[in-house]
Amino acid sequence: MTVEAVTPAPKASANFGPIKGQLKTKRVFKHLRPHSQISTDFDDLKFNAAASLQLQWGQEEDQTDTRLIASPYNDVPHLLDLETLDTQSRLLALALSFFKSVRDDYATGDYLESFNWNEVFDLVKGFAEAESHTWTRQSFYVVSFRSRLKPGVDQDHLHALDAYSHQEAIASGGLLKYWFGTKNEKEQNLATCIWRTREDARLGGRGPWHAKARAAARELYESIVFSTMELVIEDGVKSWHINYREIGSNRPSFADSNGENCALGRNDESQRSSRYLSEMVALIADQLVVNDGPLDSENAALLRPSDPSLPLEELRKRYDKDGYLFLKQVLPREDVLSARESYFSSLESTGVLKPGTKPVEGVFDPAKSHEDYPGIGAGQSAGNGRPGGDSAAAFVDLALDAHYQDWYAEKFCNHPALYEFVAKFTDWGKDTLSLRRTLLRNNLPGSKPIGVHYDQIFLRYGDPTSVTAWVPMGDIKLNGGGLIYLENGDRIGVEMEEAFFVKAKQSGLTDEEARSAFNSNMMATGLLSETPAKFAREHGRRWLVSAYEAGDVVLHKPHMIHASAINNDPDNVIRLATDLRFCDSSKPFDKRWMNHYRFNDGV
């Protein structure tokens with residue numbers, strides 16, 4: 001193979017990527033030097049792009065190879081055989097031998113800004129031109145893992161899981177580059193894979209060592225944030241971009257090669273720690289449905305997760321841009337599960353739980369009727385009335401009573417970890433007020449989900465400055481009925497409300513009359529729609545979805561449009577969650593929300 005590239009011949013101590021303005025000559029790449037002649041030091045391979053020293057620039061040597069060092073592991077089972085790749089994948093793999101981090105805070109910093117992407121694509125273009133290859137537009141599949149280790153984990157065990165999993169992926173085929181950094185002082189790290197296709201990634205993750213790694217995730221990590229992206233290299237390598245969405249959707253949502261964040265991470269796909277890690281790779285399960293049909297890769301994508309330890313400036317930027325902030329493990333998991341156990345223990349006498357299961361599991365007895373165990377909260381009955389008939393009375397009474405119990409109203413709703421985070425995040429400090437009215441909702445498998453709405457509809461007697469914290473009280477599978485958010489839903493909610501008020505004012509209504517008129521145009525339940533798929537289609541948007549874990553919290557804006565999917569949990573797990581709301585007490589807020597939730601309370 002002979003390839004010509006516009007880059008200087010690398011030296012052991014040099015920054016190996018091409019530097020703009022210094023590309024004076026063209027050098028001919030002909031062969032790969034054997035991997036045994038290259039450093040095996042992890043730091044050299046991770047941070048100094050030592051793998052690029054395999055590329056022989058013009059000189060002839062006796063020993064050559066076709067196997068490329070494509071990870072920090074430099075031994076035979078980890079090498080990428082270039083002869084197994086198509087031309088364009090091979091050229092990208094060669095260019096990725098120069099791939100390295102360019103900022104020290106890669107573990108928490110912006111993904112695009114953490115690596116020398118422009119240098120890599122300059123090389124791709126040079127390699128293609130040198131081979132007289134006309135590059136045609138091609139997509140590649142990118143995965144990133146942001147993790148935080150638990151203190152004192154077995155490093156040898158962690159290394160074995162990673163190394164053997166990488167061997168499985170290489171043997172499966174299509175993994176062009178694997179890179180991982182070094183954990184920082186907070187045990188945080190970043191790893192990333194660049195695959196030829198999403199199908200390659202799926203097949204590469206099916207081996208027994210990947211299964212062991214997933215099973216060990218909970219014992220090893222405090223948190224894992226898993227994101228998938230689509231890397232697109234355009235015709236002639238004239239431009240490139242990374243789409244923060246699942247392949248298969250045509251929504252233009254990306255950060256481009258000019259550094260302009262065009263909806264950067266608006267639906268940056270999601271994470272899994274522990275047992276949901278593999279589930280999220282598949283994105284949309286067949287059973288992920290809403291009232292009016294399925295959600296798939298054409299009308300849905302994954303929420304962008306965020307580590308609460310990220311800099312506040314970055315978290316606020318995401319919240320302002322996306323309308324939500326999906327926080328991983330901001331609450332202690334054991335505290336959430338304790339509250340879940342208290343809730344279902346209080347309901348156990350109604351027969352809602354499957355015999356032989358533990359209350360904390362919250363498994364519905366499929367032999368029972370859904371009509372005897374209705375959900376409560378927005379959209380379940382007109383005018384926020386009491387749901388269900390006489391047969392449901394005992395269950396409804398206990399479900400309502402749970403709102404007033406100390407374990408919930410005093411301890412969980414005022415959990416210091418969440419309150420302190422919100423106070424710091426909003427910069428409200430001591431003015432941060434936790435509103436007393438909360439909604440503790442249960443959704444049985446197959447029951448009616450929450451319809452399309454935004455919260456300001458129910459908080460109209462105050463400024464639109466509140467922050468809602470949606471808190472899953474237990475693990476929720478992707479198809480377990482979790483909350484879903486409309487892409488750009490905050491902007492659409494604001495536009496809907498502004499348009500209506502302009503029209504109302506033009507007709508001569510006062511602000512109060514306009515407010516009442518707006519409410520009267522809602523459905524009787526206060527919802528915008530009971531048909532989420534149709535609503536998203538009419539607005540040219542997708543629904544953003546995720547699996548959730550006990551300890552996760554989603555903050556969202558008062559106009560952020562959201563709903564829930566139908567709970568199709570295959571294990572009949574009841575979806576339990578609550579809505580906690582915070583406001584700045586120094587500004588006008590809806591005083592009705594300082595009373596505990598009750599039926600027909602006019603909110």
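Modeller: Let us begin with α8 and α12: Leu-312, Leu-315, Arg-316 and Tyr-319 in α8 meet Phe-421, Lys-424 and Phe-425 in α12. Contact here means heavy atoms within 4.5 Å. Helices (H or I, at least four residues) and strands (E, at least two) are DSSP runs, numbered from the N terminus.

Biologist: How many residues of that contact are nonpolar, polar or charged?

Modeller: The contact of α8 with α12 has 5 nonpolar, no polar and 2 charged residues. Ala, Val, Leu, Ile, Met, Phe, Trp, Tyr, Cys and Pro count as nonpolar, Asp, Glu, Lys and Arg as charged, and the others, Gly among them, as polar.

Biologist: What kind of model is this, and how are its residues numbered?

Modeller: This is a predicted model, in which local features need pLDDT of at least 70 and side-chain atom pairs count only at pLDDT 80 or more, while totals for chains, interfaces and linings use all residues. Residues are numbered from 1 along each chain as its sequence is written, and side-chain values use heavy atoms, with hydrogens and water left out.

Biologist: At roughly what angle do the axes of α8 and α12 cross?

Modeller: The axes of α8 (residues 312-322) and α12 (residues 416-426) cross at roughly 85° and come within 10 Å. That makes α8 roughly perpendicular to α12. Axes are lines fitted to C-alpha atoms, for helices over the stretch in contact, and angles run from 0 to 180 degrees between N-to-C directions. Angles under 35 degrees count as roughly parallel, over 145 as roughly antiparallel, 65 to 115 as roughly perpendicular and the rest as oblique.

Biologist: And α9 with α10: are they roughly parallel or antiparallel?

Modeller: Helix α9 (residues 333-347) and helix α10 (residues 393-401) have axes that cross at roughly 150° and come within 9 Å. The two helices α9 and α10 are therefore roughly antiparallel to each other.

Biologist: Which residues meet there?

Modeller: Tyr-343, Ser-346 and Leu-347 in α9 meet Phe-395, Leu-398 and Ala-399 in α10. The residues of this contact divide into 5 nonpolar, 1 polar and no charged.

Biologist: A change of topic: where does Thr-531 lie?

Modeller: Thr-531 lies in the loop between α14 (511-520) and α15 (532-538). Its C-alpha atom is separated by 7.3 Å from that of Gly-451, 80 residues apart along the chain.

Biologist: Finally, how many helices and strands does the protein have?

Modeller: The protein has 15 helices and 25 strands.
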